[in-house]
Amino acid sequence: MTHLREEEKTPATDDEPRAVIKESSKIFRRNRALGYVSNQVPAVTRYVQRRRDTLLITCIGRSFQVYTASHMRLLHVSGLHPDEITAMATDRQHTYTASNKCIYAWRAGKHIRHIYRGHERDVHILLPFGGNLIAVDRSNVLKVWNIRTDDVYLDVPFKADEFQITALAHPPTYINKVVLGSQQGQLKIMNIKKNSILCTINRHQSRVTCIEPAPALDVVAVGHGDGSVIVLNLKFDTVLVAFKQDWGMVTGLAFRTDGPPILVSACSNGYMAFWNLEDRKLAGQLQAHEGEVTTAICLPSEPVVFTTSPDNSMKLFVFDMPDGGARQLRIREGHTKPPLCIRYHGGSGVSILSSGEDSTLRVFSTISESLNKSMGRATYNPKATKKKNRFQYDKFSMPPIREFTSDTTREREWDNIAAIHSGVIQTTTWTFNKSRMGEHRLVPEQFQNKNRSNFQSETTSIILTTCGNFVIIGYSSGDVERFNIQSGLHRGSYGAPGPAHDAAVRGLASDNLNQVVVSGCTKGLVKFWMFKGKAEKPLAIMRLADGVALMRHHRESSMVAIGLETFKVYVVDMNTRVIVRKFIGHTAKLNDLAFSPDSRWLITAAMDSTIKVWDIPSSYMIDHFRVERPCISLSMSPSGDFLATAHVNLLGIYLWANKTLFNQVSLRSIDPNEPAPYVGLPSNMCDAMDLEDAMQELEIDDEEDSAELGEEIDAKYETPKQLNPELITMSGLAASRWQNLLDLELIKRRNKPKAPPKAPKQAPFFLPTVSGLEMRFDVGNAPSDNDGSKLLQVTSLNNLTAFGKLLEATATDNGFESAVKHITQLGPSMVDFEIKSLHPDAGGTMLAMMQFLKLIEFMLSTNLDFELAQSYLSVYLRSHGLSLTESPQLVQSLRSASKAQEEAWKRIESKLIYGTGVVAALRNFAP
């Protein structure tokens, strides 16, 4: 995947705090964005002969997406551009995009093949023209680029007050000629090769918005800003037919090429008109989008028209109606207005529920875009709304969903989603299994029309129990009610006969066993209620210094996070009913809180455009970052791998990858008052590893060198070999490695085979290996590279083993570490053999025997491998006990080792005697 380098940012002013700009925070790395389909830039199509399908290419800001027309399946997403894409075009080889005064030629939508630089303003019109590419920028300069050489073939400036270019087209069979449309309404036919204007056509005074060549020779259709559509013969300069759509500006034109003489015109109010060119009349019309139709393309030789709109949708319409009209064939859409609340649904972490300002509830899949679905628009009367066109005004439409709650326990049996709406008293239910709105409208009796006296009350908070049977709703009047979500019946009130609180309820929580309900109000009171029975009085009341703004809970850990109106965050234990943590750091209104799945982190978002991560066990802030727009809602996936965020005035849902699950991240405490580093929002595809992540992998971090490091959190602890030199430390080896040394002969006799082993008929060839627990080849007898002689050079007459040679080498430097490491890696039989081979009669030397005693003394003095030293010394004394008295040097070394052994044992013996005495004394006081 190819990515483009971003332009340098403008320096911050002196009045604003200068924060460190980074591409990812300490924990979260931007991953991708969901829910984007199209924007105001017209889309393009390209037929691929190999696939036998048409590719639909739509712009989504700084990248473009490629779909198949057959199933509208997303094939791939381009790399990031340095700025917003302003124009797109395509031919048989490349896809061309204009961004930040440059033009990029993409191959297969993934790799950049050419970059054309030279425009002084942004390019807004592109047209592939054989081996050339024609581009028009905002400064009204037309440039012709050679696609292969990246050179400018022609540069023609136009005066904006005389002829400002607004449209461009190439009529078929017109060699080296293009048709230019202007703001003044004129048309010019230009010869690109000769750089000359052939003729000027002035048939209309309104702005030319689009030019579309017709299947017939010399004929083009011209759309104007006043809604006029003129079919013009360029050769004779005559108007063949003219239409006028009263809806507004013509935004696109397209001719059907599958037979019927139909011209499709798109309008700025979302309508499309179908004009019959033979009968010269309107053949049909339909409303395609809620906003302006920016793209209208008839697929070649198919009765299908492709449309896009800034309402974040693209559609395919097929002409198969009895009257020749079109109907919707396929659709791919997202939110038409920014989302307000997002939550992960289910335990797999592949579905995200999102409610937007367009009063819809949608499901976005993190696996495939084809799994996205809409659950419909909230309405007071679903039956009446279903009979109407989705674009018609619906008086039964409900306000946007402000917050919702869901559970998967009973989702296949009844409604499992409950939602509250802005400014209304009703609570709606939804079903995830059937992907539609439920039948129930939950309203308490005191707020029903015949009993209602307070018309200013509205729902403010909601929670669904873990069993999936009950939904608890809080109101601005202070009431807290419980409903059965299956039947929609009212099942209880908290604080009856009066309200539960004297102020608006801002947060609710319930435990995992349906025993306790927690509610909080704007007066700072947090009350604990019995879930069942007549909850007239609370079990306990907690008084906070400030009012409650919102509340989130983690059922498995019985913890409740309470956001206050003063931007503080408290963590309360539902079992002990005390405040266990206080987090202070935000400087603006809190928007949302979320626990990590293991309840170790608390993630907070506020209107100061920052997202902070708090470590609950250590009570430290371990990560924070600032984004472009304030985060209005966030949710952590059940598996903890992604964080989903929604931001103010943005249509998408953004995913952030948890880096701690993929590599080792050292977390340290951060001062909450430090300026948060700026992190860009994720794009519509998975970014490749950037330089900042590569520096972290190479342990290069300039920020840590200049900033003072806080206390390390979650550091990976590696147990040292010895905690303290004064402590006697065991080796940690298996007991069979040293306990069986004294009984090795008995074990050998017991395990002696009854029959001698039979050699195989054809034994395979194996490389010789060294005896031990580790697999190593014996290369001691290999010929040396430095000595080419074949004569055997005898260095000594002894037959020392490898361990004996290591012992003799310690006589000069007393470095026993290598010898200890060697013998501890051997098995019991080899240890016994090595110790017995130290005697001169067995091929050893007196020096090796003396150095072994010094080795034991070294092990006892360092307090390492205490049990091994005792076991090795026992084998040594049993094997060579009688011969030790023959050498005065060995006797002296033995006395020194005995002294070290007695000192170590006395220390252990005193501790054991003290411990047994304490246990015996405490046994008398046992009940």
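This is a short chat about a predicted protein model and some of its local features.

Me: What should I know before I start reading this model?
Reply: It is a predicted model: local features need pLDDT of at least 70, side-chain atom pairs count only at pLDDT 80 or more, and totals for chains, interfaces and linings use all residues. Residues are numbered from 1 along each chain as its sequence is written, and side-chain values use heavy atoms, with hydrogens and water left out.

Me: What is the average pLDDT?
Reply: The protein averages 85, and 89% of the residues score at least 70. pLDDT is the predictor's confidence in each residue, from 0 to 100.

Me: Where is the pLDDT below 50?
Reply: Residues 1-20 are one such stretch. Beyond near neighbours in sequence, that stretch has 35 contacts in the model. A contact means heavy atoms within 4.5 Å. Residues 686-707 also have a pLDDT below 50, with 27 contacts beyond near neighbours.

Me: How should I read places like that?
Reply: Where pLDDT is low, the predicted coordinates should not be read in detail.

Me: OK, salt bridges. How many does the structure hold?
Reply: It holds 14. A salt bridge here is a side-chain nitrogen of Lys or Arg within 4 Å of a carboxyl oxygen of Asp or Glu.

Me: Why can side chains pair like that?
Reply: Side chains of opposite charge can pair when their charged atoms come close.

Me: Which residue does D320 pair with?
Reply: D320 bridges to R327, with the closest N and O atoms 2.9 Å apart.

Me: What about R332?
Reply: R332 meets E369 in a salt bridge, at 3.8 Å from N to O. This pair links distant parts of the chain, 37 residues apart. R332 is in strand β30 (residues 327-333), while E369 is in the loop between β33 (360-365) and β34 (373-377). Both R332 and E369 are buried. Helices (H or I, at least four residues) and strands (E, at least two) are DSSP runs, numbered from the N terminus.

Me: And what does R552 bridge to?
Reply: R552 forms a salt bridge with E403, with 3.8 Å between the closest N and O atoms. R552 lies in strand β47 (residues 548-554) and E403 in strand β35 (residues 401-406), so the pair ties together parts that are 149 residues apart in sequence. R552 is buried at 17% relative accessible area, and E403 is buried at 16%. Salt bridges with shared partners join R343, E403, R552 and D592 into one network.

Me: New topic. How covered is strand β13?
Reply: Strand β13 (residues 141-146) is mostly covered, with five of its six residues buried.

Me: Which strands pair with β13?
Reply: Strand β12 (residues 132-137) runs antiparallel to β13, joined by five bridges. Strand β14 (residues 152-157) also pairs with β13 in the antiparallel sense, over five bridges. Two strands pair if DSSP finds at least two bridges between them. L133 stands opposite W145 in β13, and V141 stands opposite P157 in β14.

Me: What happens in the turns?
Reply: The hairpin of β12 and β13 has three residues between the strands, and N140 in the turn has a positive phi of about 65 degrees. The hairpin of β13 and β14 has five residues between the strands, and D150 takes a positive phi near 65 degrees.

Me: Which helices does α6 pack against?
Reply: The buried residues of α6 pack against α5 (802-813), α7 (828-836), α8 (846-862) and α9 (866-880). In α6 (residues 817-824), the buried residues include A819, V820 and H822.

Me: Last one. Where is I297, and what does it touch?
Reply: I297 is in strand β27 (residues 295-298). Its relative accessibility is 21%, so I297 counts as partly exposed. Not counting residues up to four places away in sequence, I297 touches A43, V44, T45, A254, V304, V305 and F306. The C-alpha atoms of I297 and T45 are separated by 7.9 Å, though the two are 252 residues apart along the chain.

How values were computed: Buried < 20%, exposed > 50% of the residue type's maximum accessible area, 1.4 Å probe, protein only.
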